Structure formats: C-alpha cells, structure tokens
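Open the model in your viewer and keep the sequence panel beside it. This tour tells you what to select and what you will find there.

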Amino acid sequence: MIYLSYKQLKEPQDLDRLFVQQWAKYRYGVFDEVGYVADPVYPICHQGDSGRSQITGCSDLSIEDTGVCDSTNSLYNVTTLVHPEATSSIMFAATAPQVIRFCDSGTHNRYSPTKHNLVCDRRSTMDVILQHPDFANNIIDEKRVSNTTPVFHYKRRSVTRYVLVIEDTKDMLVRESWSFLRLAMRKWTVNDLPGNTEVGLVLTNETSSSQLHNLSPLTDQNARDLIIANIPFTPGDSHAAACLQCGIHTALQMLKSRATTHGPASSVIVLIAPGMDHSLNINSVLAEASDIRARITTINYPSIVRPRSLDALAAGTGAPAFTVQESKYNVAISLLSTYFKLTNVMFSIATQFYQGSSTGMPIEIHRREITDDGRSTVTGSFVLDESLGEPARFTIFTHSTDNPLIRGISLVSPSQNVYSSRYDFLLIIKLMSLHATINETGTWTYTIERFPGNPQPHYVQVMATPRSKVAPVVRARSWTSQGVTPLILYTEVKRGDYPVLGARIEVLVNKPAMNGTNLYRDKFELLDTGSGDPDLTKGDGIYSRYFTPMRGGPGLYTFEIMVTDNSNTAYAWHETILVQSLEAGPPCCGSLVPTPAVQPLSPFQRVLPPISITFTPDDVASQPFVGRIGDLRGEILASELKARLTWTAPDMGGLPVSRYELRFAHSVTDIVDRFETASEVWDYGSPFPLPPGSETVFTMDLTRNPSLLDIPLFVSIRGFADSANNSPGGPISNWVRIMVPSPPPPPPPPSTASTSTYDLSSWPLDGAQDETIIPRIAQSMDFGLELILPIVGGIALLMILIVVCYLCMLRRRNGNAVKKQSGKDKHVGNGKQLSSPNASITIVPSSPSQNSPGNNNTSSGTLVRGRTLSPYQSWTASQLLHEHERRHSPYGQTGEDLISNGSHAQLPPPVPPLPAFNHQHSGGYPSGPIYGVHPGTFVNGGYHRNGSMVPFNPSLQGSLSSVSSGDRKKRNVTMV
C-alpha cells in the first residue's frame, strides 16, 4: 500500500521523492531505515559498542546529531540530520535534496536497529531491490540508462463483464449438486449482480466448448432470466475430463470481441469445474488472458476429482480461488450447506469485481446456522449500525420449497415493531423472507418456530447497504502470502478508512474428504501484536498468523474466517482525528501505529469468503525458518539489580514455542554476527513458553552473577518449536542493550570533633599492664571515643536503676509484714471483734444448734494450726453471700454496727452448716474430711479445725444455685 497523506498531496514540494520511497516499499519490499518517536523497538537514537547515543539510520556519511538524542520524544526533521555531501539513503531521508541513492552493501549499517534490518535479515536496501524479478536478468549500468521517467496510465472502468465457463460432464452431478448450481446461478444473476454488469455463458465438454449465451447487459428482469434458462437441467453423460482450455479460449474471444465493439471493461472469467488434468497448458492460457488483461477466478465444484485443482489459474491472473465441496445427507440428497456456500462464493465474486463505489453493494451483517437440537423455537438478534440501512433483507435458506418445516417467523425492531408477514417470490431459489423495513439503528431480534425432527439445517442471513458513499462501515478482507511454505493468513478490518482494533478474527480450517466429511479440522485466531513475524506492526488493523499442514498432511485445505467485535471490546479511531503533518517525522509506522482518540464500536459480524489452499508432500516436509521475536524490549530495575525483558510469544510457523534460548554478549557484532560462538547463554533461569501472541516477561537477576554489573550487555533471544536439545532454533530476535549499575556503597558514620582533654593516642603504648578495656575496644573495633563514652555511661546508669528497684521491692515487702501484725493485734477477747467495718475478719462456720439467736459467739480470727484460712478456702458460695449481707445489710447498716447495738442489736443471719452436717449423727459432722479438711472442735464458741491441711479442691465449692431469685437481683458478679 502506498501511503501519501492529504497534506503531502496538497503541498507537493517533495511529492516526487516521497513517491519513490513509497514505491520502493510497495514494489520491492524494503522498509524504512529510520527511527520513530517513542518506539520501543525502533528508537530514534540508540547506543552501540561505543556507549554514546547515535541516530538510528543509514547513510554513506556520518549522520549529525542536532540535539535529537537529548529529547527522543520530540518531533524532528530527518532532512536536517543528513550530511551536506551525503547521497544516501532514500529510505532514511528521501526529502533531502542531495540524497539520490539507496544504501548498498558498502554503505549499509547492518547493526542499526531499523525495521529494514530486522525484517530483511540485515541486507542493504539495494541488495533486496536487485533480487526482484524486475532486475533479475538485467545488468545495472548507470551509463546505459538514458531515461527513467515513469509513465502512468489511469483508466476508469464502469462495467464488469463476466463469462461463466461450466464443465458439462457427469462428474458435475453428485446428488443435488447440479440443481444447486443452477439455483445459485439464478440467485447470482437475478438478485446479486448490479446493473452495470454484462454476463455470458459457455459450456465445455471433453472435446469442445459451446457458447450458450453471448455477453449481454443485465438491463431488465428478462435479460437476467434468459441467462439461466440456457443452462441445461442435467449435465453431460461423459466422465472424461473436459477441455477447459477450449472453454477458456472461447470466453477470451467473447471478451475481446465485446471490448472492440463496446469499449474496455473489467473482464472476468468464472471457471467452475471439478479440477483439471495435466493436458491443460496453463502457461499458454495465462499468456492469452494477460494479453487482454482478463482475470480467471475459479471454483472447484462439487469436488476435486481431477489430478490438480484450478487454483493455479486464479493465482496466475491475480484472481481469487474457491472450493465448494458437496456435503452428503444420504444417497440421493445433499445438505443445504452446499447450496449456501456456493451462493456466498458467487456473491463475494460480484462484490470483489464490482466497478463502482464500494457502498453500492450490500454487506452481510449477520449469519447463523440453525440445526435440530430439540428446540422448537429459536431466537436471535443482530445490530444494525447507524451507517447501514435500506435496501436491507432478512432471509432464511431452506432446503424444501414445498414444505420448509417452519411454523412461523417474526422480526422485532428496536422500537418494538413486529414484522411477521412472509412473501414467497424468492422461494424458487430456496429463500424465505419477510415484509420488513430494516432501517432502524439498534438491536433487532427474531424468532423462528421450527417443526421438530427437521433433517436439514436452516440458515439465517441479514444483508444491509451503506447509507451513503462516505458512511464509515466496518469492512473486512482476507488474503494469503504468495508462497505456502510457510503460509501466512492476513485479514484487514477497517471502519471507513481507520483500522479496527481489538477485534476477534477466528479461522476455521477444514480438510474435506471425497465423501463430504472432514479429514482434519482446526480453529485458531489471527493476531495484531506487532511481534515482527508475521505481524510487523501493531495497531494497523491487519491481523495475521502462520499455518502449517504438518498435522493434517498434504491435500486441500479450506479456511473460513469470521470477524466479530470480540464481545463489545473492539474499537476504532475517532472520526475527528487530524492527519499528521509533514513536519511530524515519518508518518507510519514502526513497531506500532500511534493510536489517537478512539471510540467503541457497536456489535458486528462479518463472514469472509472461504480461501482454498493445496499443500503438496514437499510443502509438508519443508521446515520453514520462522518465528522471529521482533519486539524484544528491556527495562533496568536498578534498585533490585535486575533487568526485565518483555516480548510477544512467537508463532513458530503455526506451532507454539516450546523453549527459549537467551544469550548475551559484550558487543553488537558478537550478538548479531556470532550469536552461536561469541555470545554466552544465560544459565540462571529460562523464560516460560506461552501461546503465540501472549506477552512474555523474564527477569535477569544479576545478583546471581555480580561480575556482570556495571558492564553493558547486548541481549538477544530465539525460540524453538521442539523441546529437544538438538532441534533447530528460530531466527534471532532484535538486540537490546542493558547495563545494571552496582549498588552505591553505604554512607560512612558521621564524624564529630572529640571533646576529651586527654591524649588517648598513647594508650596502647603505655604497656600491657596499664591497658584498659576502652582503648582496646577502640583499637580492635575501630571505634572513636565519641561512641565509647556514651555507651559506658549508659551501662552505668542502667546498673544504678537496677539497684534502686531492688531496694524499693525490699522496703515494700517489710511494710506488708508490719501491717499484718498490727491487724492481728486489733482482735480482743469475749468473742467480739473491735475492728472497723473495713477490717478483715475471719468467720468460722458453726453448727445450726450453736448458731441460735441467743448465742452470739464468733471466732477469734485464728486457727490452732498456726495460720488463718481464708474464706475462699473453706466456705461455700452461700456462706460467702450470707457474710456479705451481714456486712452490708440491705437495710442501710453494716454488719459491725448491727453487732454492737446493745440489747436492740439485730443478729446476722445464721451461717448454714457445711453440706456434710448430719442431724442423725448427734447434730455434728462426720469424722472424715470435709471439702479437703478434717473437722475440728468448738473452742470458745467458735469452730476449730484439727488435723493437717490437704490441698484445696475448688470443684467442691458451692454455687449461686442455693440463693433465691429475689436475692440474686441484689448481687453482681463482683460481690460473688
């Protein structure tokens, strides 16, 4: 594609030079030798072996750096960088007036990171140009060249002339294949072809050809019907190969004669046959077609029964080739898919060779196959874009015209208008349609009610037409590389003139058998990653992928391509973007196309015509040298002493990568020219292989080999399709330069002036007996006095604090002992306690008989065993609660006041006996231990325990269950 911007055409001061540059790209396959702004793969400036920045380019004299490398993100003009006496290169600075040559092998800079070096294996542009067939048998002698001024002839063709050449043999009849052919030709001539078309008809058999209908314009309905009426209802009876050369010769004579009488036109021969034999002289046919500039598009139908397919005839004239295999339902009936595919192929031929605006032909916006999956009602939807409208048609392909096995059809517009009335005038070509006006933008839904048990599928197809010539419609086209070893599939998706990004291009590969089945079937997606092989530029709307026949073997393969919006993720450039100016450097494109303002797209679906390719056993056996990584990028992680490498997982000729080999060298020449011998393998880890198109990241940890720090390294990588150690590797990637700096040394400790008045420098010389610990530490640890003195002072202060704490603890312990003794002295005789209400008292439980209202004896507060038992060691919970009520009466007086009120004193509630008390044993306790202690005797009105103390068992204590619910309301947990 030749790129010339609008401003370049409007201000054509350098148009001639720019045209030469773009023509060299288009015709001879060379690329720019210049860097691009903010491009990670082809930068404006780079660093080579010298370590200094230099301009990316190619010239016979030095390229001057006018400050461009100081700000690589700014725009620049390459004309000002060329030396005044330089004469090359056109691919670097075509607009410079002194530049008149391409770089050759003597002036080419093969180490510069240019797009031409990467794609063309670092050959000079002149070497690549001279290998083109234009110069294959010529000797370049500048002295003998007299005039190189090109002459261009521009012709405008307004008419397309078709001549149908159909083989008339028994091999054309396989079940319903011949009737499908007649119906497809009727649909093509009656409904698909525009008015500026002329059609002729030729049948050819095993010996000769016959002209059934001369070239005539499709001016009215009768003229269209007359063409199909000349096709016989059944083919000939011979199984011999037809004389295709005879039929092509007759068609060429018809086109030549028509051009003589009615002027030039786009001449196309549509050849339909089940292949061709070796008797056809392809070279003579192609030469004859080239004389009148006619193209031969071929359709292998209904199968390929001849030794060769018809694809070579189409490739020789630059026309598309198709293959439609008849699909069998039973012995006598073919599947409807055969007819559906044939009609779509014929419609794509009419679209491709249409002479006029591309908006004059309708576009298929929705397609769906409906099979018998048990559902009686099927619903679906499609979106009508704002750029599409009438004429539009919603149709359903059906096998049976007498009984389509469809109960009802309804179509609902975005405004909820329902269309359900059918018309049957297209039923003769197996189409059902509705009386609907499809011109409303938005989502349309349809419902189809089918009868169950239908053996044949139905196909839904929606066609719409652009509203105007400038309407931005989403379109797609596909093509393949010239060679099949390896085969590259391309698909371009655009909305108007701008690329569509984020679309999903799904390829369905079939290798059909003779009986209509598939010997091999596969599915994959095309990518727009800019990985460098095969996709050169990211974001240009061209998706590509390799395909290899290694899995399916030799034979004929059919590629069906569907383009969708990828679940509402596709987007395109905004319509209001401005065209880049001339002064903005190279317009396009490095490793990626700069994306301006974008806008999301409505859901869309485009199904492209199938592509047929035949692979020979030699094609399968060949091992293509592909899978180059062309977008290797490096990033320095200085704080982590690492370098991060990023690239896109390569497509190894249709296979995923199995392993990688990462190498580094100390110069560009070593990594480029001596990759196997002068570079070193990175042994500290290996990148993980991912599917083609996936972004891969690998980190080189230079702490594993610190000797590589502060050294510039030139890194490249290559992939392997096979994991075996002896398997051949792919091409070497582009190189990147990395240099990881060493970490900075730790800062020295802060130094302060010494405040000591003593001369410490003589300490080590005073003798061994006079040495102290501080000078020895200072000498061995290299510490200054300003650090030693604070440490010694801190240690001394810590010791003083420890001594003070110890003395405080001793004083507190002695004070507690004195308080205990004074508390014992407060108790007096006569069974009464004279302490204050806050003093601690000891209550010894008594038996019920001794705790009568007339007896007011209490314990003296001590036991005979020499120490006092605390209440929690011997009392139950009920006893503790009674004692609490005795001290803190709910009537407002404490227990001590009640005891000392004289004759009107209220006695405290009796303390209940221990649970072991038994009235039957003389109103006393048993002789055994109770709650872990031995019972004692009453001494001075109090209870006195005897015997040795046993360990206290807390599980034998009482609980609040003995307390009434009324009393529990007055107590809390703290009291208990």
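This is a predicted model: local features need pLDDT of at least 70, side-chain atom pairs count only at pLDDT 80 or more; totals for chains, interfaces and linings use all residues.

**Stop 1: helix H2**

Select residues 15-28, which make up helix H2. How far apart should the ends of its 14 residues be? At 1.5 Å a residue, H2 should span 20 Å. The C-alpha atoms at its ends are 19 Å apart, which agrees.

Now show the side chains. Leu 18, Gln 21, Gln 22, Ala 24, Lys 25 and Tyr 28 are buried in H2. As background, an α-helix has 3.6 residues a turn, so residues three or four places apart point the same way.

Gly 29 follows H2, and its phi is positive, near 75°.

**Stop 2: the disulfides**

Next, show the cysteines. A disulfide is a covalent bond between the sulfur atoms of two cysteines. Counting sulfur pairs within 2.5 Å, the model has three disulfides.

Select Cys 45 and Cys 69. Their sulfur atoms are 2.0 Å apart, and the two form a disulfide. The angle about the S-S bond is -90°, and this link is left-handed. Cys 45 sits in strand E1 (residues 45-47), while Cys 69 sits in the loop between strand E2 (53-55) and helix H3 (115-119), so the pair ties together parts that are 24 residues apart in sequence. Are these two cysteines buried or exposed? Both Cys 45 and Cys 69 are buried.

Move to Cys 58 and Cys 103. A disulfide joins them, with 2.4 Å from S to S. At -120° about the S-S bond, the link of Cys 58 and Cys 103 is left-handed. Cys 58 and Cys 103 each lie in the loop between E2 and H3, so their bond ties together parts that are 45 residues apart in sequence. Cys 58 and Cys 103 are buried.

Now pick Cys 243 and Cys 246. They are joined by a disulfide, S to S 2.1 Å. Which hand does this link have? With 65° about the S-S bond, the link of Cys 243 and Cys 246 is right-handed. Cys 243 has a relative accessible area of 19%, so it is buried. Cys 246 has 26%, so it is partly exposed.

**Stop 3**

Select Cys 120. Its relative accessible area is 4%, so it is buried.

Then go to Cys 805. Cys 805 has 47% relative accessibility and counts as partly exposed.

**Stop 4: helices H7 and H8**

Two packed helices are described by the angle between their axes and the distance between the axes. Select H7 (residues 244-262) and H8 (residues 282-291). They pack at an angle of about 10°, with their axes 10 Å apart. That makes H7 roughly parallel to H8.

Which residues meet here? From H7 come Gln 245, Ile 248, His 249, Leu 252 and Gln 253. From H8 come Ser 284, Val 285, Glu 288 and Ala 289. The residues of this contact divide into four nonpolar, four polar and one charged.

**Stop 5: Thr 197**

Select Thr 197 in strand E4 (residues 197-204). At 3% relative accessibility, it counts as buried. Leaving out residues up to four places away in sequence, Thr 197 touches Thr 160, Tyr 162, Ser 216, Pro 217 and Leu 218.

**Stop 6: backbone details**

Zoom in on Glu 390 and Pro 391. A cis peptide bond joins them, with omega about -5°. Pro 391 is in strand E11 (residues 388-397).

Another cis peptide bond joins Thr 485 and Pro 486, where omega is about 0°. Pro 486 lies in the loop between strand E18 (474-480) and strand E19 (487-495).

Now find Asn 568. Its phi is near 65°, a positive value in a residue other than glycine. Asn 568 lies in the loop between strand E24 (555-564) and strand E25 (571-573). With 53% relative accessibility, Asn 568 counts as exposed.

Finish at Asp 710. Although not a glycine, Asp 710 has a positive phi of about 65°. Its loop runs between strand E33 (695-701) and strand E34 (713-720). Asp 710 is partly exposed, with a relative accessible area of 43%.

Definitions and conventions
Residues are numbered from 1 along each chain as its sequence is written. Side-chain values use heavy atoms; hydrogens and water are left out. Axes are lines fitted to C-alpha atoms, for helices over the stretch in contact, and angles run from 0 to 180 degrees between N-to-C directions. Helices (H or I, at least four residues) and strands (E, at least two) are DSSP runs, numbered from the N terminus. Angles under 35 degrees count as roughly parallel, over 145 as roughly antiparallel, 65 to 115 as roughly perpendicular and the rest as oblique. Contact means heavy atoms within 4.5 Å. Ala, Val, Leu, Ile, Met, Phe, Trp, Tyr, Cys and Pro count as nonpolar, Asp, Glu, Lys and Arg as charged, and the others, Gly among them, as polar. The expected span of a helix is 1.5 Å times one less than its number of residues. Buried means under 20% relative accessible area, exposed over 50%, partly exposed in between (1.4 Å probe, protein chains only).
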